[in-house]
Amino acid sequence: MLDIKLIREHSPRVKDSLASRGAGDDLKVDELLELDARRRSLLAEVETSRAKRNQESKAIGSLLKEKRHEEAEQLKREMRSLGEKIADLEARLTGLKATEDELMLTIPNLPHESVARGASTEDNPLIREWGEQRSHDFPLEDHLTLCERLKLVDFVRGAKLAGSGFPLYTGWGARLERALIQYMLQLHTSEHRYVEVSPPFVVTRDCMEGVGQFPKFVDQAYAVQEGEDAETLGKLWLVPTAEAPVANIHREEILPYEALPIRYCAYSPCFRAEAGAAGVGTRGMIRMHQFDKVELIKVVAPEESYEELESMVQDAERVLKRLELRYRVIMLCTGDLGFGSAKTYDIEVWAPGQGDWLEVSSCSNCEDFQARRMALRYKAPDKQNRFPHLLNGSGTALARLFVALVETHQQPDGSILIPEALRSSLQADRLTSD
RNA sequence: GGAAGGGUGGCUGAGUUGGUUUAAAGCACCUGAUUCGAAAUCAGGCGUACGCUACAAACGUGCCGCGGGUUCGAAUCCCGCCCCUUCCGCCA
């Protein structure tokens with residue numbers, strides 16, 4: 001959520017910034033300002049009337065104490081009609097407020113000034129690239145073939161259980177998945193100083209709103225209900241990312257300054273309905289309804305957030321370096337930026353079997369956008385309550401990492417050589433078809 | 001799921017026959033005085049959001065778990081919900 005005061009006082013700048021995203025959200029600003037002005041004038045009216053009522057009610061108390069019953073009754077009658085007027089005004093105010101809040105929740109964050117202006121993925125600047133494209137002097141297999149031949153994933157039976165997009169990892173595939181999770185958590189907790197948390201895999205609507213998933217992306221989420229009781233439908237939602245629970249851990253709190261920066265890492269499965277995305281480049285494990293992910297979350301003082309964003313990207317990159325995977329880092333341009341983000345770096349890993357880059361991490365600084373939505377604040381050294389900046393990043397997403405790993409490290413003999421860093425948690429050096 | 005008890009400002013904790021309690025008091029904290037310095041003591045300050053404003057002060061409004069209701073007036077009465085504690089039941 002943006003700061004309404006910022007919108008009021010610098011509407012041209014806000015509009016320009018929103019326009020750079022290209023989604024037309026700048027057009028909402030005038031509507032919002034108009035609503036806001038009406039709301040405030042109504043609020044002033046309500047408050048003046050309430051002040052009057054408070055004052056006169058006290059007077060009634062005094063009159064009764066002095067046994068001046070008739071005067072008291074007269075005043076009561078007056079206050080009764082004032083009360084009706086207030087109720088009427090309040091109802092209108094509540095309506096206006098609800099409309100304004102709703103609109104506020106649909107306005108995305110403002111891109112940071114350092115973000116490249118652009119319209120689409122085409123305009124995303126390349127920041128850096130790591131690793132060489134290996135020359136394979138044997139025919140490459142893609143992950144689907146590899147997974148089938150080595151019995152790592154059973155797509156057919158996974159689909160039988162839950163429909164397409166729900167993988168069933170089997171044997172060494174399941175062990176590899178688990179080893180990757182273990183390896184990443186280990187790296188982030190012991191070398192990057194994140195505190196591991198293991199959150200609920202369902203969250204309330206408030207949490208989804210807090211991180212900016214709702215209202216815009218409701219259609220992408222799975223709602224749950226208790227048994228067949230439709231009353232409970234939508235009370236809880238499957239997490240689309242561990243960001244949803246973890247970023248909300250301190251919602252509605254005022255954190256002491258010394259508590260910052262807070263760095264959390266968490267594993268969770270991620271559930272995405274992917275409505276409207278089916279069929280487009282979705283072969284194999286590239287786009288799934290369920291995938292595993294290790295997520296990084298930071299709560300930091302505003303003045304440190306961009307520094308923290310850079311280090312978060314490097315934390316995620318280290319995962320890929322250690323796994324000896326070629327990758328590149330790109331910056332999302334204004335037109336490609338996510339709803340709540342002010343600046344985002346994507347990390348894409350090279351998948352030789354696909355002949356393409358796969359996004360395995362997205363690291364964003366949401367600044368105070370989410371903190372406002374979830375009423376998360378910290379007590380600044382000057383004693384003021386301020387909104388901290390929230391950052392989230394994948395460190396990293398598993399299914400695509402799995403793909404890149406098996407495709408990159410496949411050997412001429414049909415086996416997959418496990419990179420050094422992963423061997424202890426996997427308890428194997430090589431995956432073969434035996 | 002059932003029963004009982006409880007949710008008050010950073011903490012402790014008064015206040016529940018509705019009305020000078022404008023949420024007492026203490027602790028903690030901040031400023032000043034005293035002191036060589038500190039402790040102790042004394043004086044003052046000290047919740048939060050919003051509105052109005054110069055993003056000042058002052059003032060106003062809301063907030064005593066959340067949401068409704070009764071009333072001229074609700075921390076206080078009524079209804080619904082949430083959470084916590086204890087016990088019981090069920091269950092991995």
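Predicted model: local features only at pLDDT ≥ 70, side-chain atom pairs only at ≥ 80, totals over all residues.
**Exercise 1. Find which element gives the largest share of the surface near RNA strand B.**

Step 1. Helices (H or I, at least four residues) and strands (E, at least two) are DSSP runs, numbered from the N terminus.

Step 2. Read off the share. Helix α3 gives eleven residues, the largest share.

Step 3. Look at the nearest residues. There are 19 residues around RNA strand B, and R8, E47, S57, K76 and R80 come nearest.

Step 4. Sort by type. The surface divides into five nonpolar, four polar and ten charged residues. Here Ala, Val, Leu, Ile, Met, Phe, Trp, Tyr, Cys and Pro count as nonpolar, Asp, Glu, Lys and Arg as charged, and the others, Gly among them, as polar.

**Exercise 2. State which parts of RNA strand B the side chains of R40, R50 and R53 approach.**

Step 1. Start with the RNA side. Of its atoms within 4 Å of the protein, 70% belong to sugar or phosphate; the rest belong to bases.

Step 2. Take each side chain. An N or O atom of R40 is 3.2 Å from a phosphate oxygen. For R50, the partner is a sugar or linking oxygen at 3.0 Å. For R53, a phosphate oxygen lies at 3.5 Å.

Step 3. The elements giving two or more residues to it are α1 (4-9), α3 (28-65), α4 (69-105) and β12.

**Exercise 3. Work out the strand order of the open sheet and its edges.**

Step 1. Strands pair if DSSP finds at least two bridges between them. The order is β6-β12-β13, with mixed pairing.

Step 2. Find the edges. β6 (254-256) and β13 (385-386) each have a single partner strand, so one side of each lacks a neighbour in the sheet.

Step 3. Check one pair. β6 and β12 (residues 377-379) pair in the parallel sense over three bridges. L255 stands opposite Y378 in β12.

**Exercise 4. Say how far the model's confidence reaches across chain A.**

Step 1. pLDDT is the predictor's confidence in each residue, from 0 to 100. Chain A has a mean of 92, and 98% of its residues reach 70 or more.

Step 2. Turn to the complex. The predictor gives an ipTM of 0.87 and a pTM of 0.92.

**Notes.** Residues are numbered from 1 along each chain as its sequence is written, chains are lettered from A and ligands numbered from 1 in the order written. Local features need pLDDT of at least 70, side-chain atom pairs count only at pLDDT 80 or more, and totals for chains, interfaces and linings use all residues, while side-chain values use heavy atoms, leaving out hydrogens and water.

Notes. Near = heavy atom within 4 Å. Polar contact = N/O pair within 3.5 Å; in protein donor to acceptor, adjacent residues only side chain to side chain.
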